Amino acid sequence: MAMVHGGRLVARALRRQGITHVFTLCGGHVQAIYDGCIDEQIRVVDVRHEQTAGHAADGYARVTGKPGVAIVTAGPGITDVVTALANAQRAGVPMVCIGGAGPRALTDMGSLQDMDSVTLMRPISKWSVQVPEVGRIEEYVDAAFRVAQANVPGPVYLEMPLDLLM
C-alpha cells in the first residue's frame, strides 16, 4: 500500500462526506490539505481573509443544507475565524472548521503561530479537538461531520498539527 500524506486523508474524508468546496486563506500549516483537495476534485475557494472563509462556509451551509468547511492556518488564521464560528453556533449552522497548528513536538516552544486554539474554540463550537495521530484523521473528520449535524446543528473545530498533515 502506498503512503498517503495526512492532507490527502483529510481531503478523502471530506469527499466521502459529499464536500465539493472548501473556503480558506492559503496558509503553510494547512497546505497539504489543498494538495489533497486538488486530488479529490474539491474546489479550494481562496479568499482574502480568514473571517471571509468562515462566513462563506456558514453561508454555503445555509444555502446547500450541507455543512460548510473552512480551513484556516495556525495562530492569527484561527483567531480570525472566531466570529464566524460564534455566529454559526448561535444560528445552529453545521460547519466544520479545520485549523492548522505547528508540529506537536514544538507545542509551547515558540514555534510559528503556536497557540492553544482548541481551548479558544471550545466555548463557540459543539466539539473542539486536536486530531491525535495520522491514522485517525479520517475518523476525526467523519466524527466532526456527525457532531456538526446532530441534534441542534453547529460548528466543530478540528486542529490538525503540521506533522500529521505532512
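Here is a short chat about how some labels in this predicted model were assigned.

User: What are the ground rules for the model and its numbering?
Analyst: It's a predicted model, where local features need pLDDT of at least 70, side-chain atom pairs count only at pLDDT 80 or more, and totals for chains, interfaces and linings use all residues. Residues are numbered from 1 along each chain as its sequence is written, and side-chain values use heavy atoms, with hydrogens and water left out.

User: Why is cysteine 37 called buried?
Analyst: Buried means under 20% relative accessible area, exposed over 50%, and partly exposed in between, with a 1.4 Å probe and protein chains only. Cysteine 37 comes out at 0%, so it counts as buried.

User: And what makes cysteine 26 partly exposed?
Analyst: Its relative accessible area is 43%, so by those cut-offs it gets the in-between label.

User: Where does α2 sit, and what covers its buried residues?
Analyst: Helices are DSSP runs of H or I with at least four residues, strands are E runs of at least two, and both are numbered from the N terminus. α2 spans residues 31-39, and its buried residues are Ala32, Ile33, Tyr34, Gly36 and Cys37. Their cover includes α1 (6-16), β1 (21-24), β2 (43-46), β3 (68-72), β4 (95-101) and α8 (162-165), with contact meaning heavy atoms within 4.5 Å.

User: What makes β2 and β5 edge strands?
Analyst: Two strands pair if DSSP finds at least two bridges between them. The open sheet has six strands in the order β2-β1-β3-β4-β6-β5, paired in parallel. β2 and β5 (127-130) each have a single partner strand, so one side of each has no neighbour in the sheet.

User: How do you know that β3 and β4 pair?
Analyst: Five bridges join these parallel strands, and the rule asks for at least two. Valine 69 stands opposite valine 96 in β4.

User: What describes the packing of α1 on α7?
Analyst: Two packed helices are described by the angle between their axes and the distance between the axes. The axes of α1 and α7 (residues 137-149) come within 9 Å and cross at roughly 35°. Those axes are lines fitted to C-alpha atoms, for helices over the stretch in contact, with angles from 0 to 180 degrees between N-to-C directions.

User: Why is tyrosine 157 called buried?
Analyst: Its relative accessible area is 0%, so the buried label applies. Tyrosine 157 is found in strand β6 (residues 155-161) and touches residues including Ile78, Leu85, Trp127 and Val129.

User: What makes glutamine 41 and asparagine 151 stand out?
Analyst: Most residues other than glycine have a negative phi. Glutamine 41, not a glycine, has a positive phi of about 55°, and asparagine 151, also not a glycine, has a positive phi of about 50°. Glutamine 41 lies in the loop between α2 and β2, while asparagine 151 is in the loop between α7 and β6.

User: Are those two buried or exposed?
Analyst: Glutamine 41 has 62% relative accessibility, so it counts as exposed. Asparagine 151 has 79%, so it counts as exposed too.

Note on methods. Lists of a residue's contacts leave out its neighbours within four places in sequence.
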